[in-house]
Amino acid sequence: MSRTIEIVEVGPRDGLQSEPGVMPTAAKIDFIERLIDAGLRRLEVTSFVNPKKVPQMADAEQVLAGLNKRHDVRYVGLVLNHKGFERAVAAGCNEIGMAVVASDTFNRRNQGVGTDESITAWLEIAREAHAIGVRPQVTVSAAFGCPFEGEISVDRVIEVAKRVAEANPFEVAFADTIGVGVPSQVTEILTRAAEALPGVRLRAHFHNTRNTGLANAYAAVAAGVSALDSSAGGIGGCPFAPAATGNIPTEDLVYMLQRMGVSTGIDLDKLLATGEWLQQTLGRGVPGMLLKAGRFPQSTAQAA
Ligand code: MG
């Protein structure tokens, strides 16, 4: 496979929001700068949500203010409504990601309104974002299953995707928010999405809750996605999704893609060093496997 996959690093948001403790702002900034130094050029750096519900992200504005902004990096802020969008723009995000949940029950639990209301809000947010030069993209969450409603039909997922795509987003993503998806499902959803949304860039977001994360990532690459989300060390989850565990680990994903001949533009040695830093900073091991096993073949730096 000679092609490129863009990796969107979500550790500073999806990863850290599920930590029992709150990482100090300065450490978050250090984390993000290390990831950029390793070659990541698109990062979900924080979310602009209710700090009472997600105290780990209460310092969103301070994180953005403390970053050494680069023109070649997309600093993505996750938003769930118009208020979050306003905060993200004011804080200096040059891309916003909105999440709309395919399951109405989950959308109500997560965002306090039904899916239809979130879609209406998204259409307005995207219109305003385009008008001020902030890149808008949108994720259809719980696309592979819902902790409250169970199976979500592919028809429903595609219907939501078509409605959010009306806003002409930079990209539409499909998220396995609770980590229940399997590769055949990935193939079906992404193939149908490509048919239903011709010319639209597609991205996928997987959690490794049931150990299917990398298999799903492979299926998504084969189905033609342009980008994949992952988190350094495989940290993460969702505070409102019971037993959701980490995202697919960025370094494991980069290892797999590089060995397949897919380029990512990421320096794996620097990424592994960031993973080591993360373990030290969190004071515990992380789920990623490459940090335990090491890369193969060894890098020239390690061999020398
Ligand atoms: Mg997630």
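Analyst: Gln-111 touches Leu-80, Ala-99, Val-100, Val-101 and Ser-118, once neighbours within four places in sequence are set aside. This is a predicted model. Gln-111 sits in helix H5, which covers residues 104–111. Is Gln-111 buried or exposed? Its relative accessibility is 12%, and the cut-off for buried is under 20%, so Gln-111 counts as buried. Its side chain also makes a polar contact, at 3.1 Å, with the side chain of Asn-110.

Now take a residue in another helix. Glu-33 lies in helix H2, residues 25–37. Glu-33 has 24% relative accessibility, so it counts as partly exposed. Leaving out residues up to four places away in sequence, Glu-33 touches Gly-66, Leu-67 and Asn-68. Look at Asn-68 in particular. Glu-33 and Asn-68 are 35 residues apart in sequence, yet their C-alpha atoms are 7.9 Å apart in space.

Next come the charged pairs. How many salt bridges does a search of the whole structure find? The search finds 23. One of them joins the side chains of Glu-44 and Arg-13, with N and O 2.5 Å apart. This pair links distant parts of the chain: Glu-44 is in strand E3 (residues 42–48), Arg-13 is in helix H1, and 31 residues separate them. Both Glu-44 and Arg-13 are buried.

Glu-61 and Arg-87 also meet through their side chains in a salt bridge, 2.8 Å from N to O. Again, distant parts of the chain are linked. Glu-61 belongs to helix H3 (residues 60–66) and Arg-87 to helix H4 (residues 82–91), 26 residues apart. Glu-61 is partly exposed, at 30% relative accessible area. Arg-87 is partly exposed too, at 22%.

Arg-127 forms a salt bridge with Glu-124, and their closest N and O atoms are 2.9 Å apart. Arg-127 and Glu-124 are 3 residues apart in helix H6 (residues 115–132), so about one helical turn separates them. Arg-127 has 51% relative accessibility, so it counts as exposed. Glu-124 is partly exposed, with a relative accessible area of 30%.

Salt bridges can also join up. Glu-6, Arg-42, Glu-95, Arg-135, Glu-171, Arg-201, Arg-203 and Asp-229 are linked in a network of them.

Now for a charged residue with no such partner. Asp-252 is in helix H10, residues 250–259. Asp-252 is buried, yet it has no salt bridge. Which side chain of opposite charge is nearest to Asp-252? It is Lys-292, 7.3 Å away. Asp-252 does touch Leu-214, Gly-288, Met-289 and Leu-290, not counting residues up to four places away in sequence.

Turn to helix H9, residues 213–222. Its buried residues are Gly-213, Asn-216, Ala-217, Ala-219, Ala-220 and Val-221. These pack against strand E1 (3–4), helix H8 (183–196), E8, strand E9 (227–230) and H10. After H9 comes Gly-224, with a positive phi near 100 degrees.

What about the nonpolar interior? In soluble globular proteins, nonpolar side chains tend to be buried together. Here, the largest nonpolar core has 93 residues. The residues with the most contacts inside this core are Trp-122, Val-140, Val-172, Phe-174, Phe-206 and Leu-228. Helix H7 (residues 154–165) gives the largest share of the core, 7 residues.

Finish at the metal. Which residues coordinate the magnesium ion? They are Asp-14, through OD, and His-205 and His-207, each through NE2, at 2.0 to 2.3 Å. Along the chain, these donors follow the spacing D-x190-H-x1-H. Asp-14 in helix H1 (residues 11–15) and His-205 in strand E8 (residues 202–205) come from distant parts of the chain, 191 residues apart. Asp-14 and His-205 are both buried.

Note on methods
Residues numbered from 1 in each chain as written. Predicted model: local features only at pLDDT ≥ 70, side-chain atom pairs only at ≥ 80, totals over all residues. Heavy atoms only, no water. Donors = N, O, S within 2.8 Å, 3.2 Å for Na, K, Ca; no water. Helix = DSSP H or I, 4+ residues; strand = E, 2+ residues; numbered from the N terminus. Buried < 20%, exposed > 50% of the residue type's maximum accessible area, 1.4 Å probe, protein only. Lys, Arg positive; Asp, Glu negative; His and termini not counted. Salt bridge = Lys/Arg side-chain N within 4 Å of Asp/Glu carboxyl O. Contact = heavy atoms within 4.5 Å. Core = buried A, V, L, I, M, F, W, Y, C linked by side-chain atoms within 4.5 Å. Polar contact = N/O pair within 3.5 Å; in protein donor to acceptor, adjacent residues only side chain to side chain.
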